[in-house]
There are 2 protein chains.
Amino acid sequence: MKQTQFSSGFTLGILGGGQLGKMMLYTTRKWDINTYVMDKDDTAPAFQGCDVYFEGDIMDYESVMEFGEQVDVLTVEIENVNVQALQDLEDKGIAVSPSAKVLNLIRNKARQKSFYLDKSIATAAFEVYSQPNLEHQRNYPFIWKSAEGGYDGKGVKVIRQASDLEDLPQVECIYEDMVDFDLELAVIVARNANGEMKTYPVVEMEFHPEANQVEYVICPARINMDISDRARELALEVSEAYEHVGLLAVEMFLTKSGELLVNEVAPRPHNSGHHTIEGSITDQFEQHVRSVCNLPLGATDSTVASVMVNLVGEEGHTGNVIYDGIEDILAMPGVTPHIYGKKETRPFRKMGHVTIVADDIVAARELAEVVKGKIRVIAE
Amino acid sequence: MKQTQFSSGFTLGILGGGQLGKMMLYTTRKWDINTYVMDKDDTAPAFQGCDVYFEGDIMDYESVMEFGEQVDVLTVEIENVNVQALQDLEDKGIAVSPSAKVLNLIRNKARQKSFYLDKSIATAAFEVYSQPNLEHQRNYPFIWKSAEGGYDGKGVKVIRQASDLEDLPQVECIYEDMVDFDLELAVIVARNANGEMKTYPVVEMEFHPEANQVEYVICPARINMDISDRARELALEVSEAYEHVGLLAVEMFLTKSGELLVNEVAPRPHNSGHHTIEGSITDQFEQHVRSVCNLPLGATDSTVASVMVNLVGEEGHTGNVIYDGIEDILAMPGVTPHIYGKKETRPFRKMGHVTIVADDIVAARELAEVVKGKIRVIAE
């Protein structure tokens with residue numbers, strides 16, 4: 001009789017104890033999959049709900065090795081982990097997803113972009129420099145991106161003139177065409193070790209007109225079926241190119257001429273998939289657990305239209321968090337807040353998100369705007 | 001600025017650490033509501049995922065008092081708790097839901113039935129005896145039920161002739177008309193301390209033709225709108241009569257003449273509402289947390305049709321559990337197993353459940369039968 005992953009000695013390990021790890025634990029609890037989590041402090045959102053929590057630095061080789069040797073399958077909820085340790089754990093026969101190879105490619109934007117070029121995957125034109133180069137031939141404006149370490153708008157700058165290059169950090173970087181795009185789209189692909197693959201419906205990231213931050217994630221994207229089909233195809237192609245196991249969130253631009261260009265990817269559950277908890281047959285966290293544990297993938301169909309709004313700490317507020325207005329939004333039908341469990345708010349810190357579901361996307365999008373007007377993440 | 005229940009010092013206490021408690025924790029984690037659980041051993045399903053787990057006997061007065069004094073809101077996931085302690089905690093100003101009054105009425109079937117009579121709530125005709133009475137005037141067949149302690153078919157017997165009364169335990173009991181029913185239905189009602197009330201769609205319990213056990217819970221019930229409206233009305237009436245705060249699952253018979261008779265109630269999340277996790281905007285566990293914490297109630301609409309199948313231990317199997325065939329059902333679209341996390345299976349032990357969702361109830365019901373044929377809860 002074959003033993004399964006459920007209520008058994010099988011162990012899943014997760015590097016990182018943030019909100020993405022926490023939301024994976026909803027599935028491991030639902031299925032009683034023995035799960036270990038490692039992160040460096042015991043106030044991390046995923047501290048509760050795992051079977052064993054290890055305090056340790058996920059960037060430290062020895063800590064990751066020691067942790068990884070105790071599990072059957074190792075995954076991450078963040079890319080900044082010790083990749084050498086992952087490589088060595090793979091060599092010892094632990095199933096590591098994402099693989100060291102994929103993380104190495106993804107964590108460096110110069111390598112990631114060059115990989116797309118090699119694989120003939122459409123991406124914005126770019127050049128790689130070991131440090132900002134004043135002697136370039138590129139037309140203004142363009143985008144400077146540091147090759148490593150940038151996320152959520154850090155390590156990215158629009159270069160409008162030569163002098164904009166002067167104060168940049170002296171690190172490896174790329175200069176990238178500024179894409180004249182209509183929409184930013186994202187597709188989450190799941191792939192298990194058997195090679196089974198599924199894509200979620202295409203979502204649209206709607207930006208705040210001034211703040212240049214994603215304001216709403218909208219599912220389904222307000223695009224036609226042809227674009228949707230091409231976006232899902234492209235995402236499958238990217239996941240296959242990486243031979244990736246687990247979830248891959250593929251962010252892409254839809255240009256004004258109707259072209260799809262891959263922007264960047266995340267090899268794990270992603271902000272662009274949070275709406276799947278309420279909106280889909282199988283949510284992205286369950287799908288990630290299924291795929292890294294090499295279980296059959298779940299249906300990715302949506303049951304309702306949904307919009308996701310991030311809850312970030314308000315400017316001017318630092319300290320013990322209060323979710324001002326949360327009772328108002330709880331009274332609105334189809335509105336579900338998620339509170340990550342960080343006790344302290346800071347300006348722009350990701351503290352939670354809200355999913356809004358409705359029969360159609362117009363209604364959901366309207367309701368999302370009302371929600372955004374009612375809830376504020378402030379300090380006591 | 002008003003502090004809320006979220007990421008704050010507010011504390012919810014749950015008496016009982018079984019699967020119902022475990023599934024409430026999905027919501028308390030989602031909202032970072034500080035939650036304490038008490039039960040008598042540390043292998044209980046709700047051991048993980050709460051903020052603090054207390055080992056203690058929920059039937060013991062002192063233990064419940066000590067636990068209850070540390071929380072703001074106290075609820076239960078099982079009726080068998082020390083009710084005197086709940087009463088005394090209420091008197092000390094703790095918000096206790098269900099109240100001691102409701103638990104006292106419900107836990108004794110003679111009192112529960114008499115309550116319906118007092119409140120003019122339709123229920124099957126019955127008599128109360130302090131012990132089985134051989135000198136009764138009632139026509140055969142009828143049902144004997146012990147007033148206390150019976151559940152899941154225990155403490156219930158069909159009496160077809162006088163001699164069937166002979167071996168019964170000498171405890172308080174009722175003799176109840178055997179109802180000639182078409183269907184067994186259930187409606188879950190939520191009510192918060194503000195008096196806000198909502199009902200879930202009516203579900204139908206389909207019984208195994210021979211085993212006389214609920215085999216499928218079907219949502220929506222295959223009944224017409226008139227019956228559905230009346231069933232939801234009746235459930236509201238029952239919840240109001242009890243002045244209950246929290247969820248109340250109201251089980252009822254639909255007689256062959258079209259009458260609805262209340263059978264019994266459970267003042268907490270219930271097996272007849274498990275399908276709401278996948279099938280509804282707001283699942284029953286979240287709704288229970290909302291109602292006992294006096295938050296606004298969530299929408300109870302279904303987004304899909306759903307069927308729930310219990311996973312019980314197979315006869316002849318005792319020991320470390322294996323979910324034989326679970327990978328087969330995971331490969332079926334819209335099928336979600338829930339594994340409660342009990343390491344040992346025993347014949348008929350509730351080990352989990354499976355929810356099957358589909359666009360319509362005919363498809364979901366068919367798929368449920370396939371699921372039931374594929375998965376078996378056996379021992380290593």
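Where is A:Pro220 found in chain A? What I am showing is a predicted model.

Let me start with how the chains are arranged. Two copies of a chain are related by a rotation about an axis and a shift along it. In this model, chain B is superposed on chain A by a rotation of 180 degrees, with a shift along the axis of 0.0 Å and an RMSD of 0.0 Å. That is the relation of a two-fold axis. Both copies use the same surface, since 100% of the contact residues of chain B recur in chain A. If you want a landmark for the axis, take B:Gly49, whose C-alpha comes closest to it among the residues of chain B, at 1.9 Å.

Now the interface. On each side there are 48 residues in contact, 48 from chain B and 48 from chain A. Together the chains bury about 4100 Å², and carbon and sulfur atoms give 56% of that area. Three residues, B:Arg29, B:Gln48 and B:Leu330, supply 15% of what chain B buries against chain A, which is more than any other three residues.

On the polar side, there are 16 residue pairs in polar contact across the interface, counting pairs where both residues are at pLDDT 80 or more. As for which elements take part, those giving two or more residues to the side of chain B that touches chain A are the helices α1 (19-30), α8 (284-292) and α9 (326-330), together with the strands β17 (319-324) and β18 (335-339). The largest share comes from β18(B), with 5 residues. By residue type, that side of chain B divides into 24 nonpolar, 11 polar and 13 charged residues.

How many salt bridges are there between chain B and chain A? The count is 2, against a count over all chains of 42. One to look at on the screen is the pair A:Asp32 and B:Lys343, where the N to O distance is 2.6 Å. This pair crosses between chains: A:Asp32 sits in the loop between α1 (19-30) and β2 (34-39) of chain A, and B:Lys343 sits in the loop between β18 and β19 (344-345) of chain B.

Staying with residue 32, but moving to the other chain: B:Asp32 has a positive phi of about 50 degrees, although it is not a glycine. B:Asp32 lies in the loop between α1 and β2 (34-39) of chain B.

Next, chain A on its own. Chain A is divided into domain 1 (11-96), domain 2 (125-177) and domain 3 (181-379). Between domain 2 and domain 3 of chain A, the C-alpha centres are 28 Å apart.

That brings me back to the proline I opened with. A:Pro220 is in the loop between β13 (214-219) and α6 (225-242) of chain A. The peptide bond joining A:Cys219 to A:Pro220 is cis, with omega about 5 degrees. Another cis peptide bond joins A:Tyr140 and A:Pro141, and there omega is about -10 degrees. A:Pro141 is in a loop too, the one between β6 (126-129) and β7 (142-146) of chain A.

Definitions and conventions
Residues numbered from 1 in each chain as written. Chains lettered and ligands numbered in written order. Predicted model: local features only at pLDDT ≥ 70, side-chain atom pairs only at ≥ 80, totals over all residues. Heavy atoms only, no water. Least-squares fit on C-alpha atoms with pLDDT ≥ 70 in both. Contact = heavy atoms within 4.5 Å. Buried area = accessible area lost by both parts, 1.4 Å probe. Salt bridge = Lys/Arg side-chain N within 4 Å of Asp/Glu carboxyl O. Polar contact = N/O pair within 3.5 Å; in protein donor to acceptor, adjacent residues only side chain to side chain. Helix = DSSP H or I, 4+ residues; strand = E, 2+ residues; numbered from the N terminus. Nonpolar A, V, L, I, M, F, W, Y, C, P; charged D, E, K, R; others polar. Domains from an automatic or database assignment.
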